[in-house]
Amino acid sequence: MIAVAESVGANRIFPAASIVYPLGNPVLQRDKEREFRVSLVKKALNMLTE
Amino acid sequence: MTKWKIVYYINQFFGQYGGEDVAGMGMVVRNEAIGPALNFQQSFGEQAEIVSTIICGDNYFNEHREDAENQVLKILEEYQPDMVVAGPAFSAGRYGVACGTVCALAEEKFGIPAITGMYPENPGVIMFRSKIYIIQTSNHARTMTKEITKMVSLSKKILNKQQIGNAKEEGTILRGLVRNVRCEKKGTTRAIDMLLKKVRNEPFETETPMEKFDQVEKAPAIKDLSKATIAIATDGGLYPVGNPDKMPFINSNRYAPYYIGDKEFLDGRDYCILHRGYDNEFVLESPDRLVPVDSLKMLEKEKVIGKMYPYFLSTTGLNTSLENSKIIAENMIKRLKEDGVDGVILTST
């Protein structure tokens, strides 16, 4: 779906983990998943500073 | 010679009752052609007769939609016209909505063909273009005669059951409908012909016009994240259980804000999803996978960000038209700017 966002002209596009769980990974244990999510969110936040 | 019977809808202004001062007037039925209806009659000629002109205040119609619709239904039932014509509304939004509603009712409830005219940016266009023929007009009533002529021309084709051309040929607003036609040349031949013209810098016409998208300038970077208020928005269709704001499940044109408050994370038992475009199971299990409250709360505590905005903004991004996307975005931005938000993470499924 990133290509769609690009073609429409979005400026800051962060690739999510999956269409069905953008910021997560159900395979991981809850705690590990939360760590993973925080790391993704941090990267997304960094995009806002660029 | 049997004449076609036409019922014509206009507003209080074109009905010569007055301007905004009488926009609240209720529906009136006159058994004669008035204003644009008279122009239409004269342009059409003897084969058609305006059996009645419905005149209604723009405010009345929009503020009492249900009543207005019921009255229109009764009128159509009584007069049994062969066709319904409304407007043209040009760029007048309330009028466009009224004209579109009247025409759509005629088509949907009685199978009576109906046409109107609007400027492409009239809100009535988004709402009704796929349901009825809308002649594309200018944005000012100066061109009334020209628009009526176009409406008459299309009406004659419809009444005589002639083949209706595409939007360009008929001067209508693109309906977004697809119809199979037989062509002289095969698709491959047409494609190569087009390509050769393009390569030779000769003019050619695409068969598939692509939407042109805005070039939106990148918003300036946030200088200091540790002082910034960050909001989460989503088009994944996450709403409190029971969908209290009756958010649409498809082609939404609005969003709703939901209070996060002291929550450290989002509990799947408190929410539902109205979005059939993706498998909802994972997000329902743990809504933070879509709206990362737990992460932003943690980052707020660690002072990586200044503050998490205490609401998340939610809509359903399924079959959302470009126009509706813009409307939703503009409304989200208005709220976020008023509340001093510095940056947004919009999650999408």
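A: In chain B, strand S2 and strand S3 (residues 48-56) run antiparallel and are joined by three bridges. Helices (H or I, at least four residues) and strands (E, at least two) are taken here as DSSP runs, numbered from the N terminus, and two strands count as paired if DSSP finds at least two bridges between them. Within this pair, Val29(B) stands opposite Ile54(B) of S3(B).

The model is a predicted one, in which local features need pLDDT of at least 70 and side-chain atom pairs count only at pLDDT 80 or more, while totals for chains, interfaces and linings use all residues. Residues are numbered from 1 along each chain as its sequence is written, and chains are lettered from A and ligands numbered from 1 in the order in which they are written. The pLDDT, the predictor's confidence in each residue on a scale from 0 to 100, averages 93 over chain B, where 99% of the residues score at least 70. For the complex, the predictor gives an ipTM of 0.97 and a pTM of 0.55.

The S2-S3 pair belongs to an open sheet of six strands in chain B, ordered S2-S3-S1-S4-S5-S6, with mixed pairing. Its edges are strand S2 (28-30) and strand S6 (133-136) of chain B, each of which pairs on one side only. From one strand to the next, the twist averages 20°; axes are lines fitted to C-alpha atoms, for helices over the stretch in contact, and angles run from 0 to 180 degrees between N-to-C directions. In general, strands of a sheet pair through backbone hydrogen bonds, either parallel or antiparallel.

Two helices that pack on the sheet complete this picture. Contact here requires that the C-beta atoms of two residues, placed from the backbone, lie within 7 Å. Helix H3 (residues 65-79) of chain B packs on the sheet and touches strand S1 (4-11), S2 and S3 of chain B; the direction of H3 makes about 160° with that of S3(B). Helix H6 (residues 144-159) of chain B also packs on the sheet, touching S1, strand S4 (83-90), strand S5 (114-118) and S6 of chain B. The direction of H6 makes about 155° with that of S4(B).

Elsewhere in chain B, strand S7 (residues 229-234) pairs with strand S11 (residues 307-314) in the parallel sense over five bridges, and Thr234(B) stands opposite Ser314(B) in S11(B). Strand S9 (residues 256-259) of chain B pairs with S11(B) in the antiparallel sense over four bridges, with Pro257(B) opposite Leu313(B).
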